[in-house]
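Visitor: Hi, I'd like to look at a structure with you. Can you put it up?
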Amino acid sequence: MKSPLDTSASEDLGADFKKALDEGWLPIREVARQTGVNAVTLRAWERRYGLIVPQRTPKGHRLFSVEHVQRILTILTWLNRGVAVSQVKQLLDTPQAFTESVENDWQVMRHTLLQAVTQLNERTLDDTVNQAMALYPPRTLCAQLLMPLLAELEQRWQGQFGAQMERVFFYSWLRSKFGARIYHNNRQLRTAPLLLINQSDVPLEPHLWLTAWLISSADCPVEVFDWPLPAGELALAVDHLQARGVLLYSSKAMNLSQLPKLLNGVSCPKMIAGPTVCIHHAELPVKTTEIADLFLAEDPLTAHQDLVQRGLI
């Protein structure tokens, strides 16, 4: 069923704006909903790179056509291949110009962030990520910058003096950064939340917070419990929150014999995500046949995609 057009942005914007909507033009909020690229990023693409040039009403409000939406989706295809946004316009005009060198901007950003972590430089860390957030959708940012950075840091921290200092600094910053974004988004939303739980004994699981941010960016309220709940209390939390679903994240092995007890009384859809899915690659698929509405995802991107496909966000 086709989703109704979000015309809330047209309120009090004038007769010209309403007339354009009636003729099939789309407001920026609707384009953001359809493409997953938020309005701030769309404006930055227009202002800094000329990637999208919408029509304007006499009062200056942006209006987009179906062709604009298709162009945005094409831009996302290039971004998801690792192309920096500064190089996309050339590729839209001459796609054959694509070379592996277009990944250099991502490498430079990752190096900047890596240096910021090693120097405990929060200002550089924050400024660099803020700039990237203004230019890239959350999925692209996770796939091309944040998840590769985490993998690079994990390699660096193997047997490295000062590793725990860097890890605590970066993980604390990451939880604070994305926790604030999630809090702000939650304040704007009134629907049932998705409950995410850190199911391992590892504090500040960074991929849990990336998953929460991706879900929150899809206009879904998110409640994050950064600590496991005992059997019985999980069902109680779901009941109190009236949660639309539960995501259990773990980077470690889980006690699968306790899983039926833990999920007893939880009637909403349930997801297990993280490296634990690979660790229990043989056992967990069996659990999905034994426990109703249980499904699996290996990483934040897969979790987000599956939740979208299942209509949970």
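Visitor: How do helix α2 and helix α3 cross?
Guide: The axes of α2 (residues 28-35) and α3 (residues 39-49) come within 9 Å and cross at roughly 105 degrees. That makes α2 roughly perpendicular to α3 (65 to 115 degrees counts as such). This is a predicted model: local features need pLDDT of at least 70, side-chain atom pairs 80 or more, while totals for chains, interfaces and linings use all residues. Residues are numbered from 1 along each chain as its sequence is written, and side-chain values use heavy atoms, without hydrogens and water.

Visitor: Which residues make the contact?
Guide: I28, V31 and A32 come from α2, and A39, L42 and R43 from α3. Contact means heavy atoms within 4.5 Å.

Visitor: New topic. How many aromatic pairs are there?
Guide: The search of the whole structure finds 5. Ring centres of Phe, Tyr and Trp (its six-membered ring) must lie within 6.5 Å; planes under 30 degrees apart are stacked, over 60 edge-to-face, the rest tilted. One of the pairs is W106 with Y136: tilted, 4.4 Å centre to centre, 45 degrees between the planes.

Visitor: Where do those two sit in the chain?
Guide: W106 is in helix α6 (residues 104-118). Y136 is in the loop between α7 (122-135) and α8 (138-156), 30 residues apart from W106.

Visitor: Are W106 and Y136 buried or exposed?
Guide: Both are buried, meaning under 20% relative accessible area with a 1.4 Å probe, protein chains only; exposed is over 50%, and partly exposed is in between.

Visitor: What about F170 and Y171?
Guide: They form a tilted pair, 6.5 Å centre to centre, with 50 degrees between the planes. Both are buried.

Technical notes:
Helix = DSSP H or I, 4+ residues; strand = E, 2+ residues; numbered from the N terminus. Axes fitted to C-alpha atoms, helices over the stretch in contact; angles between N-to-C directions. Parallel < 35°, antiparallel > 145°, perpendicular 65-115°, else oblique.
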